[in-house]
Amino acid sequence: MSISAFDLFSVGIGPSSSHTNGPMIAARRFVVELDEAGLLAGVRSVRVELFGSLGATGRGHGSDKAVLLGLLGEHPGTVDPDVVDGQVRRVHDSGRIELLGARGIDFDPGSDLVLHRDRSLPGHPNGLVFTAWAEDGVSERTFYSVGGGFVVADGETPAQGGEVLPHPFATADELIGWCRRTGSSISDVVLANETARRPEPEVRQGLLEIWSAMRDCVRRGCERDGELPGALRVPRRAARLRTRLDQGDGSADPLGVQDWVSLYALAVNEENAAGGRVVTAPTNGAAGIIPAVLHYYTRFVPGADEDGVIRFLLTAAAVGSLCKQAASISGAEVGCQGEVGSACSMAAAGLAEVLGGTPEQVENAAEIGMEHHLGLTCDPVGGLVQIPCIERNAVAANTAIMAARIALNDEGTHVVSLDTVLKTMRETGADMSHRYKETALGGLALNVVAC
């Protein structure tokens, strides 16, 4: 596995990992590279252009704000969501920006930050071009935000880590092979790979910190009321749902647990839509699914403990790595099947693992979770990560639980493999019209009036 769990699960801000966190990382990387080359002090002006899906839905996804924050030197993992609007407002009001917080230049977001709605770059639907004019020449750099906050520069490939792992795998078949040869669970195989990168205590502590960040996000989402930002004026529902569930009459509703699972997912994705701090899992648009299923495990499964949380996240990371390597986790590349579908698959696998599933049953759970999201389009109304994104997470979280239960009630033998489904997801994404790939040009985005 070339992708670490700590790459798939990273702390950032909403509303989008590819459209918010990625552009922020790219902008920051551009000015850091200028600084490291000794060019920053001589920079007189900067121009930023966003292409493809970034240009089409960048305003609704906060891509323009993210670029300004990145130029200022902010990073998604450390920026304070509560001061973001003030930082962006100062740039707009003053017509100046402090590159890396040090080099002040004139900058007009209206003309120096351009969103091309109808132009794309060849490398990926999410493209950014940065140009800096300095005293001794012009520096230009092209970046692509390839999903989940991952960013690559034009001409380079995503970092492969370069490490020698004890159990490398690029397919589910290879992963199951390691389990059979070693007699290990999937989480054991992934843990062995992670401990080749850092000591085991650090791995475990880091995963528990990710879980803590997920819990914090759910808590905040359950406490905040009002409307989400944007012209849609979507009301927050998690806080009101939490109150109703807490005040329940105790009747034995056989589906009551599903309401709690939906609550957890809604809470996360409302926080994400509001620009709050979330964990990409594996993207922001699908960030509510894994936390919701993990809350289901810790609250409703007898014997749940921290070791189970760690094993859940390790197993989910294995499936997320397969999704990213064999297909994509970018809505702009393959539609929402790559985001919500991948997250559902990851959550189903993690739950099957901690419920005692064999490696074959875990792989089956992941396959079921992905198979029934094939062809899912990304059509955010108004370019906002709200409709249908928020409810979609709640539905997918419950689907993940059902997928795990179906797999555990069988012996792990099944006709369609996870590798086959991921290949199909990649091919389906290639066949899908660009209108259904996070452009807000088709589907609900076209048929629901955003006013």
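Q: Contact means heavy atoms within 4.5 Å. With neighbours up to four places away in sequence not counted, which residues does Ala-213 touch?
A: This is a predicted model, where local features need pLDDT of at least 70, side-chain atom pairs count only at pLDDT 80 or more, and totals for chains, interfaces and linings use all residues. Residues are numbered from 1 along each chain as its sequence is written, and side-chain values use heavy atoms, with hydrogens and water left out. Ala-213 sits in helix α9, and its C-alpha is 7.2 Å from that of Val-278, 65 residues away along the chain. Its contacts, leaving out those close sequence neighbours, are Val-11 and Val-279.

Q: How many helices and strands does the protein have?
A: Helices (H or I, at least four residues) and strands (E, at least two) are DSSP runs, numbered from the N terminus. On that basis, the protein has 19 helices and 9 strands.

Q: What share of the residues is buried?
A: Buried means under 20% relative accessible area, exposed over 50% and partly exposed in between (1.4 Å probe, protein chains only). Of the 451 residues in the protein, the buried share is 57%.

Q: Is Ser-45 buried, partly exposed or exposed?
A: Its relative accessibility is 26%. That makes Ser-45 partly exposed.

Q: How far apart are the centres of the positive and negative side chains?
A: Lys and Arg count as positive and Asp and Glu as negative, while His and the chain ends are not counted. Each charge is placed at NZ of Lys, CZ of Arg, CG of Asp or CD of Glu. The protein has 38 positive and 57 negative side chains, and the centres of the two sets are separated by 4 Å.

Q: Which elements are included in the cover over the buried residues of α16?
A: Helix α16 (residues 359-371) spans 18 Å from first C-alpha to last, close to the 18 Å expected at 1.5 Å a residue; the expected span is 1.5 Å times one less than the number of residues. With 11 of its 13 residues buried, α16 is largely enclosed by the rest of the structure. The buried set includes Pro-359, Glu-363, Glu-367 and Met-370. The cover includes α7 (172-182), α8 (186-194), α13 (306-326), α15 (340-354), α17 (389-408) and α18 (418-431).

Q: How far is Trp-178 from Pro-359, C-alpha to C-alpha?
A: Trp-178 lies in helix α7 and, ignoring residues up to four places away in sequence, touches Pro-166, His-167, Pro-168, Phe-169 and Val-189. Trp-178 and Pro-359 are 181 residues apart in sequence. In space, the distance between them is 10.0 Å.

Q: Which residue does a cis peptide bond join to Ala-281?
A: Most residues other than glycine have a negative phi, and most peptide bonds are trans. Cis bonds do turn up here, and one runs from Ile-387 to Pro-388 with omega near 5 degrees, Pro-388 being in the loop between α16 and α17. Another has omega of about 0 degrees, with its proline in the loop between β9 (277-280) and α12 (289-300). The residue joined to Ala-281 is Pro-282.

Q: What is the phi of Glu-438?
A: Arg-233, in the loop between α9 (200-223) and α10 (238-246), has a positive phi near 55 degrees and is exposed, with a relative accessible area of 54%. Glu-438 lies in the loop between α18 and α19 (444-447) and is buried at 3% relative accessibility. Although Glu-438 is not a glycine, its phi is positive, at about 60 degrees.
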